[in-house]
Amino acid sequence: MINLRSTDHFVNRHIGPDSEQKQEMLKAIGVNSLEDLIDQTIPHNIRKREKLNLPEAQSEYNYLKELKKKASKNKVFRSYLGLGYYNTIVPAATRRNVLENPGWYTQYTPYQAEIAQGRLEALLNFQTMVSDLTGMPVANASLLDEGTAAAEAMHMFWGLKNKKDALHNKFFVSEQCFPQTIDVIKTRAEFAGVEVVIGDHNTVELDVNFFGALLQYPAKNGSVNDYSKFIDECHKLECYVCVACDLLALTMLTPPGEFGADCVVGNSQRLGVPMGYGGPHAAFFATKDEHKRIIPGRIIGVSIDSHGAPALRMALQTREQHIRREKATSNICTAQALLAIMASMYGVYHGPDGLKNIAHRVHTLTCILKKELHHLGYKITNDHFFDTLHIDTKGNSQLHDFIHQLALNKEMNFFYDESGISISLDETTQPEDVVEIVNVFASAHGKDDYTFDAFRYNEQPLCLPAGLVRTSTFMTHPVFNTHRSETQLMRYIKSLENKDLSLTKSMIALGSCTMKLNAAAELEPISWPEFGNIHPFAPKGQVSGYLEIITALENYLSEITGFYATSLQPNSGAQGEYAGLLVIRAYQRDIGQGHRNVALIPASAHGTNPATAVMAGLNVVVVATDAHGNIDFEDLLKKVETHKDNLSCFMVTYPSTHGVFESKIKDICELIHANGGQVYMDGANLNAQVGLTSPGLIGADVNHINLHKTFAIPHGGGGPGMGPICVAQHLAPYLPGNPLVKTGGDKSIHGVSAAPFGSASILLISYGYIRMLGAIGVTEATKNAIMNANYMKARLEEYYQVLYVGKEHGRVAHELILDFRSFKHTVGVEVEDVAKRLIDYGFHAPTVSFPVAGTLMIEPTESEDKAELDRFCDALIAIKGEIDAIENKKIDALDNPLKNAPHTIGVVTASEWSHPYTREEAAFPLPFAAENKFWPSVGRVNNSHGDRNLICTCPPIESYDVSAS
């Protein structure tokens with residue numbers, strides 16, 4: 001029967017295998033049906049039998065048509081709210097060639113540097129731009145938002161000051177910092193034993209108990225203050241100072257690095273990234289050279305490859321949580337790579353002169369606005385400013401409210417608080433806009449006929465302090481002074497894209513990362529102005545479209561997880577972990593059990609779990625795992641008995657990081673509850689649960705969801721991500737709030753992110769995923785993810801040991817772990833050799849040495865069809881043949897395709913070839929590798945060289961000349 005609504009079903013676009021392929025795969029697995037496989041994989045006592053209560057699936061066309069109606073409910077007023085978020089002109093060249101380009105947004109975090117040189121270069125450009133503008137020698141490759149970056153600075157300072165003891169526990173925060181930043185600082189301080197002192201930097205009385213301070217430059221009210229004396233006083237007390245600042249303003253202002261700052265943070269949003277109702281945007285973190293080995297997040301560094309040529313890589317902190325666990329510098333496991341790349345391309349496109357021109361124009365228009373408002377009799381409280389004016393209306397609420405209403409009538413948003421009105425101009429502001437702003441204030445004084453010509457102020461003196469006008473140069477590297485035309489920029493962006501392997505080339509089977517399809521229809525709406533041009537603190541009446549979508553998505557996620565309520569605020573998985581633990585701690589404190597401070601964590605847990613627990617003020621106790629990869633229940637019993645009086649929570653990933661559904665999971669949850677603890681479930685592997693079971697059904701109290709895994713937000717080369725938390729009813733009152741927009745529960749904890757709904761614009765992607773798949777589709781996706789993993793197991797287990805499988809039927813969940821450890825001892829082949837050799841076959845390596853050293857963890861997802869799974873399996877089987885050839889003495893143990901991988905085009909086409917295997921064997925080991933060849937741009941990267949010789953900014957162009965060395 002024909003469907004009169006639509007014949008196009010999104011589920012068939014999203015799921016890779018067709019019905020014929022499924023039958024072949026199920027036969028290879030050894031089951032009669034997909035249902036039989038699921039019954040053999042998921043324990044019966046946690047199976048969800050009823051259908052999810054979600055809307056019916058929509059076609060792509062109908063979904064986008066309906067979404068346009070919702071988008072029209074958002075009112076895009078001219079935003080002069082400021083507070084770290086500004087309208088910006090997104091160059092069409094970066095929007096089309098980066099943001100909307102799957103060659104960029106489907107890339108993974110650049111752990112495999114040889115196939116990531118393009119995004120590594122773009123991120124190095126970002127670091128260089130930030131370093132130059134802030135006047136600091138070292139910058140990282142982005143953080144989640146400005147509030148998080150400031151909190152990370154506080155945490156770094158605390159560690160520097162309290163290396164041996166915790167005697168210094170005060171942290172000063174200027175009252176002129178952005179309110180959302182102060183709120184995130186309070187969150188981080190609460191369970192870390194830090195006392196936050198908020199006040200005026202001019203009058204605060206510092207003492208030896210202060211370990212750090214945070215200032216805003218320019219300040220919340222727009223003032224440009226000279227902080228040098230305050231910083232000198234701090235340094236006399238060995239107190240560190242962080243300055244939160246505006247990158248565009250720093251093109252005109254003396255950078256904080258030149259007046260003594262120890263750390264500089266902020267948001268790069270206004271450099272060509274839409275506001276998006278709060279995100280995603282790339283925050284930045286820059287510091288002194290002596291702190292480079294404890295800087296949070298990721299740093300891109302310069303190294304060399306196996307041929308001595310320059311090569312880039314992630315330096316120092318690469319996956320440090322998986323190595324140092326509870327001793328990690330930070331729990332940050334993702335960044336905002338795609339947005340940092342957009343900001344860096346904005347810098348590449350405009351260059352230093354272009355940025356200065358933009359800044360000067362914004363500043364000049366602000367100066368004109370000040371003159372006119374002053375002429376009208378208004379009191380401007382800040383004499384010196386960059387782009388923000390503060391008008392004093394204190395004591396005159398009638399005038400304050402009248403201006404507010406007049407501005408709304410003209411579709412303008414100013415920022416209003418008890419001290420007055422703030423107006424922030426930006427790159428999009430035109431002279432005509434300034435005239436309209438002035439007219440609002442003139443009307444408020446009864447001067448409806450007031451007129452003026454903004455163009456009469458042709459030459460306008462700077463409204464900056466003479467001692468804080470920037471004199472130093474910045475962004476002098478050729479990359480920022482070459483690509484001025486769109487043709488040049490387009491080719492530069494494409495040249496970088498071509499160096500990187502993304503989902504446009506082949507599957508990326510990273511275990512615990514869920515690199516599934518990021519459908520174009522899901523992503524298309526984030527570019528719509530009705531979603532992109534909304535300030536996160538816009539009045540509620542202007543964002544009804546957004547709020548309708550947000551409420552629906554909260555309900556969908558609550559239904560899928562089996563929980564009562566959801567917060568969409570955390571904007572990464574690790575931040576979701578943190579929010580979940582804080583909610584547990586707030587609840588326990590509220591019921592008189594605030595002393596509970598022990599977190600039990602399995603040895604197999606994701607590395608961010610112990611790092612996050614420490615951040616939440618918990619003591620980590622590790623629970624052993626048994627030979628089958630399951631939690632050792634006897635060891636758990638002992639640890640629970642020992643710590644029952646202080647047990648706060650048990651952190652568990654399900655299915656486990658070892659890729660199996662543990663049959664005792666309900667018993668584990670009951671044991672924790674019986675001893676006063678709460679169960680936090682890590683959502684990294686939720687892609688194996690949706691529609692078949694749920695954290696709530698299993699017995700958890702809270703879980704976070706990686707929307708960038710299970711619900712199709714792209715990884716973007718290392719971010720953005722989103723980590724909402726879903727909670728049981730007793731925890732709902734404590735969901736995180738925001739100081740400017742009402743969110744969370746009645747007893748909400750302080751914010752974990754700067755924006756009320758985190759990176760709100762990309763919530764549209766997950767919303768679209770659920771709306772287009774519907775209840776049946778999201779469940780089918782889970783079933784197919786499990787089928788694909790078990791099919792790969794069936795094909796590969798003859799050649800490699802599958803490390804962990806379910807006890808009852810020998811099934812894996814949605815991922816599997818292959819053991820390569822024996823090859824190191826028998827033939828000298830390490831798992832890294834296999835990872836690099838896969839590049840020659842055209843594939844990104846699976847997750848290397850996590851959760852077990854010397855292994856590969858493979859997660860195919862539901863989006864890959866049988867042909868692609870077979871190609872990947874064929875590659876691994878061929879590599880096993882190469883390993884066997886070494887063992888049988890047919891290939892040299894040291895000079896072979898595995899040890900020399902990956903092979904670049906330069907190596908393969910060189911006039912000399914001295915290896916005992918052929919060029920064809922090196923570059924085209926299987927026929928499909930030749931048909932659509934991906935060439936790595938560098939040989940194997942030397943990691944230790946990069947760490948020993950840490951360079952985190954663009955090196956001089958001469959250093960790329962190999963012939964000179």
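**View 1. Helix α13 lies across strands β13 and β14.** In this predicted model, α13 covers residues 397-409 and runs at about 160 degrees to β13. Helices (H or I, at least four residues) and strands (E, at least two) are DSSP runs, numbered from the N terminus. Angles go from 0 to 180 degrees between N-to-C directions, with axes as lines fitted to C-alpha atoms, for helices over the stretch in contact; contact means heavy atoms within 4.5 Å. Residues are numbered from 1 along each chain, and local features need pLDDT of at least 70.

**View 2. Here is an open sheet of three strands, in the order β11-β14-β13.** The pairing is antiparallel, where a pair needs at least two DSSP bridges. At the edges sit β11 (388-392) and β13 (415-417), each pairing on one side only. On average, neighbouring strands are turned by 20 degrees against each other, direction ignored.

View 3. Threonine 388 stands opposite serine 424 in β14. Helix α12 (residues 337-375) lies across both strands, at about 15 degrees to β11.

**View 4. Which element gives the most to the lining of the second largest pocket?** That is α18, with six residues. Other elements giving two or more residues include α13 and β13. By class, the lining has 23 nonpolar, 11 polar and three charged residues (Ala, Val, Leu, Ile, Met, Phe, Trp, Tyr, Cys and Pro count as nonpolar, Asp, Glu, Lys and Arg as charged, the others, Gly among them, as polar).

Conventions: This is a predicted model: local features need pLDDT of at least 70, side-chain atom pairs count only at pLDDT 80 or more; totals for chains, interfaces and linings use all residues. Side-chain values use heavy atoms; hydrogens and water are left out.
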